[in-house]
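Here's a quick walk through the fold and its overall dimensions. Have a look at the model first.

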Amino acid sequence: TLVSLDGQVLFFQFRDGPFVPHLKFLHRYPEMMHSVRVDTGAIKFVMSGADVLDPGLTSAGGWLPPDDAP
């Protein structure tokens with residue numbers, strides 16, 4: 001399922017899953033989702049497609065949003 005406005009796709013849904021923002025829409029409004037930061041040792045692996053696991057987010061250089069973030 002695609003949700004569009006004036007011919008521009010805003011969100012998509014795969015089968016019965018959640019609606020996900022389209023990448024172009026997310027780049028226009030990056031504050032709509034939380035961001036995280038990984039430590040520098042994880043960057044080349046993440047860019048190669050690896051999953052981001054807890055140690056890369058909680059070590060020195062990593063950052064997670066606070067638990068009470070909306």
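## Ground rules

A contact here means heavy atoms within 4.5 Å. Among contacts between residues at least 6 apart in sequence, 18% join residues at least 24 apart.

This is a predicted model, where local features need pLDDT of at least 70, side-chain atom pairs count only at pLDDT 80 or more, and totals for chains, interfaces and linings use all residues. Residues are numbered from 1 along each chain as its sequence is written, and side-chain values use heavy atoms, leaving out hydrogens and water.

## Layout and spread

The elements go β-β-β-α-α-α from the N terminus, with helices (H or I, at least four residues) and strands (E, at least two) taken as DSSP runs and numbered from the N terminus. The radius of gyration is 15 Å, well over the 11 Å that the globule rule gives for 70 residues, so the protein is more spread out than a compact globule. That radius is taken over C-alpha atoms, and the rule is 2.2 Å times the number of residues to the power 0.38.

As for burial, 14% of the 70 residues count as buried, meaning under 20% relative accessible area with a 1.4 Å probe, protein chains only.

## The strands

Strands count as paired if DSSP finds at least two bridges between them. β1 (residues 2-5) runs antiparallel to β2 (residues 8-13), with four bridges, and S4 sits opposite V9. Their hairpin has two residues between the strands, and D6 takes a positive phi near 55°.

β2 also runs antiparallel to β3 (residues 19-21), through three bridges; Q13 has F19 as its bridge partner. Five residues separate β2 and β3 in their hairpin, where R15 in the turn has a positive phi of about 55°.

Terms used: Buried means under 20% relative accessible area, exposed over 50%, partly exposed in between (1.4 Å probe, protein chains only).
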